[in-house]
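Could you walk me through this model in the viewer, one selection at a time? I would like to know what to pick next and what is there.

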Amino acid sequence: MADPVIDVSGVTKSFGGRTVVDRLDMRVERGEIYGFLGPNGSGKTTFIRMLCGLLRPDAGGGTCLGYDILTEGDRIKPHVGYMAQRFSLYEDLTVRENLMFMASVYGVRRPRRVVAEIMERMELGRFSGILAGGLSGGWKQRLALAGCMLHEPRLLLLDEPTAGVDPGARREFWDQVHGLAAAGVTTLISTHYMDEAERCHRLAYIAYGRLLARGGVEELVAGSGLSTWLVKGPGAHEAKVRLEADERVEQVVAFGNTLHVSGPDAAAVERAAREAAGPGARVEPGETSLEEVFIQLMRGAVKP
Amino acid sequence: MVAKEFVQMRRDRLTFAMLIGIPLLQTVLFGYAINSDPRHLPLAVLSGDNSPFSRSLIAAMQTSSYFDLVRTLSSRGEADRALDLGEVQFVLTIPEGFGRSLLRGERPVLLLEADATDPGATSGALTAFRALAVRALARDLSGPPSSLLPGEDPVTVRVHAQYNPEAVTRYNIVPGLMGTILTLTLVMITALAITRERERGTMENLLTTPVRPLEVMLGKIVPYILVGYLQMGLILLAARYLFDVPFHGSVVLVLLLSVFFIAANLTVGVTISTLVRNQLQALQLSVFFFLPSLLLSGFMFPFRGMPEWAQAVGSVLPLTHYLRIVRGVLLKGNGVAEALVHLWPIAAFWLAVIGIGLKRFRRTLD
């Protein structure tokens with residue numbers, strides 16, 4: 001599979017003089033789950049909307065599924081499943097009616113059978129006759145995912161699909177996505193959850209419309225150059241205050257009674273941690289998490 | 001709470017403009033445009049007589065300010081056609097040898113035919129005409145030619161209120177109501193239906209599917225064309241069986257010609273939806289379009305009674321022309337030829353609105 005599913009470069013979009021997406025490049029291979037991360041308002045939604053033809057880039061371009069995103073939007077659309085941040089099916093139609101409508105919009109052959117299959121696969125069967133507006137958040141997301149899978153898309157664009165969904169439902173949602181990836185469906189998914197980011201094959205982190213880092217989870221952690229030590233035991237709060245003022249330390253995060261202390265120089269961080277730790281507290285080597293990497297990236301990002 | 005409400009009002013510019021604009025528009029329209037005793041109504045004369053009496057009669061009519069002589073006719077057929085088309089409101093027929101028989105005291109017949117589809121427009125002028133004709137001629141006759149018995153009118157004035165001889169207002173109102181109801185509901189329903197799709201985010205979803213924008217628009221419009229026909233059917237049935245409105249022309253023709261009117265209104269609705277951000281604004285803008293249609297189309301007040309600027313605005317609105325078509329066909333028994341004269345302004349309006357709508361629609365995708 002030499003041809004990437006998404007291959008765009010220099011993509012730029014401004015609204016009213018404010019650059020929301022700034023010369024963004026992206027390459028996503030077939031069957032990949034590509035995580036798209038970044039703070040609120042960093043341009044994730046805008047970028048995804050440009051990929052599926054909702055918006056037209058001001059500059060840059062490239063291909064999506066081998067078609068030009070600027071001129072061949074109509075040929076891309078039939079093969080893409082897009083799930084918006086907001087629930088965007090009809091609340092005053094039933095689950096089944098919504099799916100039948102989507103099937104007809106995509107011109108799915110034998111829609112009844114396809115809808116029945118999808119409902120069974122997504123375990124939506126028992127809600128078949130219920131109005132979509134009456135579903136809970138998690139089930140709405142599941143219905144929306146079902147809606148964008150009916151036409152067997154080759155690419156899924158999911159814009160924060162699990163926002164506000166409970167952990168159980170999120171896990172099931174991700175199991176579905178992995179199942180699709182195994183079947184060769186490529187997924188570009190934006191999220192704010194670190195545990196979800198870790199389930200992606202590759203990640204891109206953007207802020208202020210610019211790409212700050214990309215790669216696999218290990219690559220990103222290694223690339224950040226951060227080392228983390230844990231301070232466990234009593235006196236955590238006092239130690240945190242002291243460490244925050246310490247120049248050798250970049251980040252201190254409290255998890256219950258455990259402090260995660262990170263910085264670029266492993267030895268220096270260890271020394272700082274030992275100095276700050278109160279009596280009876282233990283200092284152990286820890287693992288740098290994605291969250292620390294992203295917070296470092298976000299702090300380093302320069303507002304244009 | 002109050003302060004917050006004002007801040008929000010200021011943010012929503014369009015709503016704010018409407019809050020000011022709608023009362024202003026209403027005041028202006030009601031205050032200036034409405035005149036229940038219209039004057040300067042167009043008159044055509046079919047005269048077989050060239051005596052000084054005819055001339056002074058016509059002069060007196062014009063001086064009364066009720067009548068403006070716009071045409072001189074040469075045949076009966078022309079007179080009927082002018083009335084059918086609504087080119088003139090009145091046709092005065094002066095019989096051959098009018099002057100001579102007047103002098104002989106034969107009390108010749110003066111015939112004034114009025115297009116009385118809207119009785120309100122003509123009643124004032126008709127009342128004035130009787131007194132005016134007798135007075136004008138009596139003055140000319142006060143010299144030696146008078147051979148009439150004292151106290152007797154020199155002429156017989158006959159007035160024909162055409163198309164609506166009993167001056168039943170509802171004959172005029174009910175067909176008019178059809179256009180008004182179609183305008184209100186169709187513009188509003190489409191504007192709201194499309195704005196709702198955008199407000200709820202379902203439009204975003206639709207636009208990522210292979211459906212084309214034009215298909216989305218058509219998909220939204222076609223069901224409401226059928227709704228429009230359902231409404232028309234109900235109103236026509238009510239007109240016929242509840243209000244006994246006489247149908248002189250072909251109902252099928254009305255239904256056929258209505259396609260353009262319905263389409264024009266739906267397109268206005270679609271275009272409104274491209275200009276607004278939410279359903280409230282859509283509703284307000286619909287009302288903003290509906291008010292002039294209601295007041296300036298000749299539905300509520302005689303078209304010819306309005307000042308010229310109001311008539312000019314009214315001539316742009318599709319309802320004005322649709323009323324003429326419906327009244328023309330139903331009350332006057334007009335056929336295709338007469339109706340077509342009023343059809344093209346509707347078509348022109350429709351095309352113009354489609355143009356604006358398509359231009360705006362492409363931009364809102366971004």
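Start with chain B of this predicted model and colour it by domain: residues 41–162 form domain 1 and residues 169–365 form domain 2.

Now look at where the two domains of chain B meet. Domain 1 brings 10 residues into contact with 13 residues of domain 2. Select α4 (76–85) and α6 (119–141) of chain B next: these are the elements that give two or more residues to the side of domain 1 that touches domain 2. Which of them gives the most? That is α6(B), with three residues. Colour that side of domain 1 of chain B by residue class and you will find four nonpolar, four polar and two charged residues.

Next, show both chains together. Here 17 residues of chain A are in contact with 10 residues of chain B. On the chain A side of this contact, the residues divide into 11 nonpolar, two polar and four charged.

Stay with chain A and pick out two helices, α5 (residues 137–147) and α6 (residues 167–182). They pack at an angle of about 10°, and their axes are 10 Å apart. Because angles under 35 degrees count as roughly parallel, α5(A) is roughly parallel to α6(A). The crossing of α5(A) past α6(A) is right-handed. To see the contact itself, show side chains for A:G138, A:Q141, A:R142 and A:L145 on α5(A), and for A:A169, A:F173 and A:Q176 on α6(A). By class, this contact has three nonpolar, three polar and one charged residues.

Centre the view on A:R23, which you will find in strand β2 (residues 18–28) of chain A. A:R23 counts as partly exposed because it has 14 C-beta neighbours inside 10 Å.

Then move to A:Y208, in the loop between β9 (202–207) and β10 (210–215) of chain A. A:Y208 is a residue other than glycine with a positive phi, near 50°. Is A:Y208 buried or partly exposed? With 19 C-beta neighbours inside 10 Å, A:Y208 counts as partly exposed, since a residue is buried if 20 or more other C-beta atoms lie within that distance of its own.

Terms used:
Residues are numbered from 1 along each chain as its sequence is written. Chains are lettered from A and ligands numbered from 1 in the order in which they are written. This is a predicted model: local features need pLDDT of at least 70, side-chain atom pairs count only at pLDDT 80 or more; totals for chains, interfaces and linings use all residues. Two residues are in contact if their C-beta atoms, placed from the backbone, lie within 7 Å. Ala, Val, Leu, Ile, Met, Phe, Trp, Tyr, Cys and Pro count as nonpolar, Asp, Glu, Lys and Arg as charged, and the others, Gly among them, as polar. Axes are lines fitted to C-alpha atoms, for helices over the stretch in contact, and angles run from 0 to 180 degrees between N-to-C directions. Helices (H or I, at least four residues) and strands (E, at least two) are DSSP runs, numbered from the N terminus. Angles under 35 degrees count as roughly parallel, over 145 as roughly antiparallel, 65 to 115 as roughly perpendicular and the rest as oblique. A crossing is left-handed if the near helix is turned anticlockwise from the far one by less than a right angle, and right-handed if clockwise. Domain bounds come from an automatic or database domain assignment. A residue is buried if 20 or more other C-beta atoms lie within 10 Å of its own, exposed if 12 or fewer, and partly exposed in between; C-beta atoms are placed from the backbone.
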